[in-house]
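Subject: Structure for your review

Dear colleague,

Please find below the structure that I am handing over to you. I would ask you to look through it first and then to read the notes that come after it.

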Amino acid sequence: MPRFAPEDSPALRQSIIDACLEMNRSGINQGTSGNISLRIASGDMLITPSGLPYEAMTPGMIVRMPLDRGPDAGDGQPAPSSEWQFHQALLAAKPEAMAVVHAHPVNCCALAVNHMPIPPCHYMVAAFGGHDVPLADYALFGTAELSAHVVDAMADRQGCLMANHGAICTGDTMARAMWRMAELEHLAATYIRARSIGTPKLLSHAQIDEALAAFASYGLKQD
């Protein structure tokens, strides 16, 4: 049986697996293309392993990594997700973030392959921290270049699209990061549908400012 530090419990690791399974059940993701990380009290992160079906994962397969260096091939753990670099970089750059969720939702991907950020078409844009949902520039998956693009796009945001790739959301809890990913996919679908029947009427800067202020007491409630 694997031994876990007090802040790195089997239940915490299972919560990552459960979130991955929920992404696929809900249609937000498919296969093993998504990945999730969670900051733990020691300052390390837990992250999904590379290439394993979510249904086959066990708590002992979740990979523990520091935020200041790469994986140790000799530590007896599975290889972390190929996208570990942007998970690590986001958690390091955003001390308030506890969880990072990455997935390939179809509507987000449809906008991303057209290099289209989401403009202020709906007040829910404010759920991501600003006046739009930005687009991170393209780079090959799993590279430091992609990590830099993602961190830049999310400097003052809680979510972004990734050119020719997918989407990422962060949260101060796993539940909030998952909520944002579901909301981002719905927002992307709404924007695509609106464009198909006309020209979306965008909210003003002041209107989004109002929504940003309102989000201080809006959204997913925590216990």
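The notes below describe the sheet, the helices and the salt bridges in turn.

Please keep in mind that this is a predicted model.

The sheet

The strands form an open sheet of seven, arranged in the order S3-S2-S1-S4-S7-S6-S5, and the pairing is mixed. Strand S3 (63–65) and strand S5 (135–136) stand at the edges; each has a single partner strand, so one side of each is left without a neighbour in the sheet.

S1 pairs with S2 in the antiparallel sense over three bridges, and Leu-38 stands opposite Leu-46 of S2. These two strands form a hairpin with five residues between them, and in the turn Gly-43 has a positive phi of about 100°. S1 is also joined to S4 by four bridges, again running antiparallel; here Ser-37 stands opposite Val-100.

Strand S4 (residues 99–103) is joined in turn to strand S7 (residues 166–171) by five bridges, and these strands run antiparallel. His-102 has Ile-168 in S7 as its bridge partner.

The helices

Two other helices meet each other. The axes of helix H2 (residues 84–93) and helix H4 (residues 144–153) come within 8 Å and cross at roughly 35°. This crossing of H2 and H4 is right-handed. On the H2 side, the contact is made by Gln-85, Phe-86, Ala-89, Leu-90 and Ala-93; on the H4 side, by Ala-144, Leu-146, Ser-147, Val-150 and Val-151. Of the residues in this contact of H2 with H4, eight are nonpolar, two are polar and none is charged.

The salt bridges

Side chains of opposite charge can pair when their charged atoms come close. The count in this model comes to eight salt bridges.

One of them joins Arg-64 to Asp-8, with the closest N and O atoms 3.4 Å apart. This pair links distant parts of the chain, since Arg-64 is in strand S3 and Asp-8 is in the segment before H1, 56 residues apart. Are the two residues buried or exposed? Arg-64 counts as partly exposed, at 21% relative accessibility, whereas Asp-8 counts as buried, at 2%. Both belong to a network of salt bridges that links Asp-8, Arg-13, Asp-44 and Arg-64.

Which residues form salt bridges with Arg-157? Asp-132 meets the side chain of Arg-157 at 2.7 Å, N to O. Arg-157 lies in the loop between H4 and strand S6 (159–162), and Asp-132 in the loop between helix H3 (106–113) and S5, so the pair ties together parts that are 25 residues apart in sequence. Asp-156 also forms a salt bridge with Arg-157, the closest N and O atoms being 3.0 Å apart. Arg-157 counts as buried, at 11% relative accessibility. Asp-132, at 24%, counts as partly exposed, and Asp-156, at 52%, counts as exposed.

With kind regards

Notes. Residues numbered from 1 in each chain as written. Predicted model: local features only at pLDDT ≥ 70, side-chain atom pairs only at ≥ 80, totals over all residues. Heavy atoms only, no water. Pairing = 2+ DSSP bridges. Axes fitted to C-alpha atoms, helices over the stretch in contact; angles between N-to-C directions. Left-handed = near helix turned anticlockwise from the far one by under 90°. Contact = heavy atoms within 4.5 Å. Nonpolar A, V, L, I, M, F, W, Y, C, P; charged D, E, K, R; others polar. Salt bridge = Lys/Arg side-chain N within 4 Å of Asp/Glu carboxyl O. Buried < 20%, exposed > 50% of the residue type's maximum accessible area, 1.4 Å probe, protein only.
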